[in-house]
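Please find below a colleague's note on the structure shown here.

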Amino acid sequence: MVKGYQIEKSFRPYEDVLDVGHSMGWSSILIPGCGEPNFDSWVANPFETSKQRREREVHSLLNKLPPETIMLDPTKIGTVKPQRKKEKPTNQEREVEIEAAVETVKGTVLKMKTKGRNKPSKRTTKKKEIIANAKRPFLEQQMEGEEQLARKKQKTIEQVELPTSLQRFARTKATA
């Protein structure tokens, strides 16, 4: 390197190589013995993932708090979670109900129609339409339940406003 070069270095922890960027390009300098071969992953992990980094930050924040300030609600300890007001049927129970409704509809006999309207293709389309009409109420209930869950989630997201110090830990909304 010549006098007058503008230098910008790139530090690589735990390695014996130092990259130096200067006005005429870049150079790498080998400095044997400066890198630590056995790093302690509990102190500083150079290969940590973003999830591990977040976890480490949470632990360090919790360690900063005095233990007296961290408490549980004594009225909640040892209590049983109250039962829901309305039991929702499981997916398996819903499928059984739908199958039962379809079986009852399949057992019905179609009326004989006038000439030209009783073709086999028209009969099969009519049977499919009857089965779809039998399934429709169950599917509408399922759609309404999903919409209600989406609205509840949206309300909770809108209501919970985190302080600025904790906003970096909040999950971001998935944009579609």
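1. The model is a predicted one, and its confidence should be read before any contact is discussed. The mean pLDDT of the protein is 78, with 86% of the residues at 70 or more. Confidence is highest in helix H1 (residues 50–64), where the mean is 88, and lowest in strand S1 (residues 7–10), where the mean is 72. Where pLDDT is low, the predicted coordinates should not be read in detail.

2. Three salt bridges are counted in the model. In one of them, Glu-48 is paired with Arg-56, and the closest N and O atoms lie 2.8 Å apart. Both partners are partly exposed: Glu-48 has a relative accessibility of 26%, and Arg-56 has a relative accessible area of 40%.

3. Helix H1 holds the pair Glu-57 and Arg-53, four residues apart and thus separated by about one helical turn. Their side chains form a salt bridge with an N to O distance of 3.2 Å. Glu-57 counts as buried because its relative accessibility of 17% falls under the 20% cut-off. Arg-53, at 34%, is partly exposed.

4. In helix H3 (residues 120–159), Arg-151 and Glu-147 are likewise four residues apart, a separation of about one helical turn. The salt bridge between their side chains has an N to O distance of 3.8 Å; this value lies within the 4 Å limit for a salt bridge. Arg-151 is partly exposed at 48% relative accessibility, as is Glu-147 at 42%.

Terms used. Residues are numbered from 1 along each chain as its sequence is written. This is a predicted model: local features need pLDDT of at least 70, side-chain atom pairs count only at pLDDT 80 or more; totals for chains, interfaces and linings use all residues. Side-chain values use heavy atoms; hydrogens and water are left out. pLDDT is the predictor's confidence in each residue, from 0 to 100. Helices (H or I, at least four residues) and strands (E, at least two) are DSSP runs, numbered from the N terminus. Buried means under 20% relative accessible area, exposed over 50%, partly exposed in between (1.4 Å probe, protein chains only).
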